[in-house]
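I am opening a notebook on this protein and will write down what I look up, entry by entry.

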Amino acid sequence: MIRMTEPSKITSVPDHQPAAGGIAARARASVGPKYLTGLNPEQREAVETLDGPVLVLAGAGTGKTRVLTTRIAHILSQGRARPAEILSVTFTNKAAREMKHRLGQMLGHAVEGMPWLGTFHSIGGRILRFHAELAQLKSNFTVLDVDDQVRLLKQLLQAENIDDKRWPARMLAGLIDGWKNRGLMPSQVPSGEAAVFANGKGGKLYASYQERLKILNAADFGDLLLENIRIFREHPDILRQYQQRFKFILVDEYQDTNVAQYLWLRLLSQAPSKPTTPTVIPGRVEDANPESGDESDDRDSGSAPSAHPGMTVAPTGPTKNICCVGDDDQSIYGWRGAEVDNILRFDHDFPGAKVIRLERNYRSTGHILAAASHLIAHNEGRLGKTLRTEDHDGEKVTVTGSWDSEEEARGIGEEIEQIQRKGEKLNEIAILVRASYQMREFEDRFVTLGLPYRVIGGPRFYERAEIRDALAYLRVINSPADDLAFERIVNVPKRGLGDATVQMLHDHARKRRIPLFEAARAVVETDELKPKARGSLREVVAQFDRWRAQREVTAHTDLAQIVLDESGYTEMWQKDRSADAAGRLENLKELVRSMEEFENLQGFLEHISLVMDRDGGAEDDAVSLMTLHSAKGLEFDNVFLPGWEEGLFPSQRTLDEQGRAGLEEERRLGHVGITRARRRAMIYFATNRRIHGTWSTTIPSRFLDELPAANVEITESKGGSAWGGTGGYGASRFDDMEAFGSSYSTPGWQRAQANRNRGGGRSGGFEEKAETFSSASSGPDFGSFSSRRRGPLTIEGELVAKSTGTTSEFALDDRVFHQKFGYGRVTKIDGNKLTIAFDKAGEKKVVDSFVQRA
């Protein structure tokens, strides 16, 4: 007999979903597509959630590139869209190539049919060429680079009779680029911003520049998106075509988008509306400032936060399938226009958006992630997530204090040597600095130690253009026959001595078989040159004669400063309004400071030649040296983070210009730095650092107190100088004399013993010291930062080369000791250069001032 239950008494059964990690979930995964294999639950959710707006908050090392690529593969394999119906935007060509490569591995040749996978500018340029006539261009328009832009702007400045020395074209180029990054046409530039250039003519010059571009059938990089936005607003039918074409939109590194990129995406991400007459959205009037703080929701229309009066826009509508991947905790490019607010407002801009957090880190150990997460938690402007790992806790993050930046470089150098002795590769070691001028001391130290290194994201310190120029001046002073150096700077800064003048000097020099400098001296006494060029060249010759005479009575550091000032080279960069001018001036100051470690100009230049000669290939095993900004996206087993001091990190200039927003971006930069490390993160700070050419006492960065004590270990510097008992900061490692044998005689031990015998050395203040401990072991007098000329400087027992071209005091078969290579015997002598057969290191060539008698 079958009993029937009354409907009212039936107990409802809730819908069932397989439990994460359960038998059903794992069984289902086993029969799914192969490209889903290995994804964790959060990654899989991000891949399979295809409908509606999705924000994937992907922390450092959580596999965001894999998620983005797999999502595209899933869309294609599920038949939701054809390759040409997917818009996938990245920030770099490298990222686009990597995505295409991964897709090719997953899906074979499907990636070949994806014409809309690329960078913002490459896709914007493609769209603009299709509709060039609507931008008053032809489809074969030229995209100008920065140099072409500056040349064109110089012509406009001359036409307006504007002094291009007071108002440099490069400064105007930067302003225009900033306006375009914010989606502003010439008529939309706020009058207050236009007033900062040429007494209010900035807006007019911007308009003239745009008109000139049309005449030349050219566009700059900013136009590739700005003209897209204008076309989409003024021609809704064209916008509708692209909205209908792109069924799915995917964006990488969304936290780094600027206003123009945001507007471009907002317009394309709206669901296509029915064909209607374009309307003007009421209430959207021009306040001419996207940063005015207006909280009205004008972004929903796809218009700029300050829409131009009367500008037609696409009618608003629901958003479609857009997926943005990013990390608000890694937004570190505000200085070039990136708006972290774009990612923070995602759920407001795209109502009903699903936010998926990827927090499982596959890169770093537990202590590193805990330290990074605790640091970034102090930011208020963030969506919030906590990185975690299933790996072991590993080593704690270390914090090390140094007496000064030189000891910091020595300590890191020794730490790297220890890591290398354990069999680890140098390629897995990185030093991440806040400012590029910090690199110089590390480069010099690595040359002394014989450690190969590479600079990522820019040239090495001594290979930078401004440093090469300054060195060229010094080389001509040291050797008037150095034609290459003289030719480099004869017209730098510009003196009206062009290619024709230089060619004349070359012809004269070849005929008489004399150096270029002597040819110049002879030519200025003739009438072969025009009066203006002759006068300029005569002044150059006179300047070098004067500097050469001063060399005999002036400290080489002072002479370098005199040369930079009197030549006009420093003034040239002071007048340059480009973004990197300030950094170049800092590098010049750092160059002068680096010369203090050498007794004379010739010794310094020989050191530079050794530095420049150490040029290995990219495939060589070498330490990576770079700024924190250049490190984003990279990872290493061992990461050193020097310079964590107030004023340097966080940057005082950033704090002054941006206030709390700047502080939070600096903190994000620290988070990025720590999360570059897989196994070890080592933070350093110095108590004394030379800033703007002057030694200053610094205090540790506020970020150090924001690290969790449970995940951080305080360690002692291996640099071996006055940090500790000798500087009034606590007990020194040398205080326990029983730890050493009575015959222990390393320079560091002698220096510490001498300090102890003098009653503890410095008592906290800075005092003048006229004497050194001994000729063989004297160290830098950190208690005195006077401007007097210093003698040869001892670093860890290695005396910096005192001079060149002299006779060595050593003889053949002398038994010697070298701090790095140990004991050996002299086998060959060439001036002050020795060839030594070391007992353990083999045969090496060294300067005699780096060794001592055994």
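**Entry 1: A81 and its surroundings**

I began with A81, which touches I75, L76, I86, K247 and F248, not counting residues up to four places away in sequence; contact here means heavy atoms within 4.5 Å. Before going further I noted that this is a predicted model, in which local features need pLDDT of at least 70 and side-chain atom pairs count only at pLDDT 80 or more, while totals for chains, interfaces and linings use all residues. I also noted that residues are numbered from 1 along each chain as its sequence is written, and that side-chain values use heavy atoms, with hydrogens and water left out.

I then looked up where A81 sits, and found A81 in the loop between helix 3 (64–77) and strand 2 (86–90); helices (H or I, at least four residues) and strands (E, at least two) are DSSP runs, numbered from the N terminus. Is A81 buried or exposed? With a relative accessible area of 9%, A81 is buried, where buried means under 20% relative accessible area, exposed over 50%, and partly exposed in between (1.4 Å probe, protein chains only). I also checked R245, which is 164 residues from A81 along the chain, and the C-alpha atoms of the two are separated by 9.9 Å.

**Entry 2: the chain as a whole**

I stepped back to the protein chain, which has 28 helices and 23 strands. The protein chain has 854 residues, of which 53% count as buried. I wrote down that, for contacts in the protein chain with a separation of 6 or more, residues 24 or more positions apart account for 72%. The accessible surface of the protein chain comes to about 38,600 Å², and 49% of this belongs to carbon and sulfur atoms; the areas come from the Shrake-Rupley method with a 1.4 Å probe, and for residues only the protein chains shown count as cover.

**Entry 3: two packed helices**

Two packed helices are described by the angle between their axes and the distance between the axes. I looked up helix 10 (residues 221–234) and helix 12 (residues 259–269), which pack at an angle of about 35° with their axes 9 Å apart; axes are lines fitted to C-alpha atoms, for helices over the stretch in contact, and angles run from 0 to 180 degrees between N-to-C directions. Which residues make the contact? Helix 10 brings L225, N228, I229, F232 and R233, and helix 12 brings A260, Q261, L263, W264, L267 and L268.

**Entry 4: the nonpolar cores**

I next looked for nonpolar cores, each a set of buried Ala, Val, Leu, Ile, Met, Phe, Trp, Tyr and Cys residues joined through side-chain atoms within 4.5 Å. The largest nonpolar core has 49 residues, and those with the most contacts inside it are L471, F486, L537, F544, L588, L591 and F604. Helix 18 (residues 465–478) gives the most to this core, with 8 residues. I followed L591 and found L591 in contact with F461, Y462, I467, A470, L471 and F604, leaving aside its neighbours within four places in sequence. Apart from this core lies another, of 41 residues, among them I229, Y242, I249 and A260.

**Entry 5: two buried loop residues**

P642 lies in the loop between strand 13 (636–641) and helix 27 (652–674), and P642 counts as buried at 2% relative accessibility. I found P642 in contact with E408, I412, I431, L432, V433, Q438, F442 and Y684, leaving aside its neighbours within four places in sequence. P642 and Y684 are 42 residues apart in sequence, yet 4.4 Å apart in space, C-alpha to C-alpha.

I turned to E706, in the loop between strand 15 (694–697) and strand 16 (712–716). E706 is buried, with a relative accessible area of 10%, and touches H374, L375, H378 and R667, not counting residues up to four places away in sequence.

**Entry 6: backbone details**

The peptide bond from V492 to P493 is cis, with omega near 0°, and P493 is in the loop between helix 19 (483–489) and helix 20 (499–512). A cis peptide bond also joins F649 and P650, with omega about 10°, and P650 is in the loop between strand 13 and helix 27.

Lastly I looked up N199, which has a positive phi of about 55° although it is not a glycine. N199 lies in the loop between helix 8 (191–194) and helix 9 (202–215), and counts as exposed at 63% relative accessibility.
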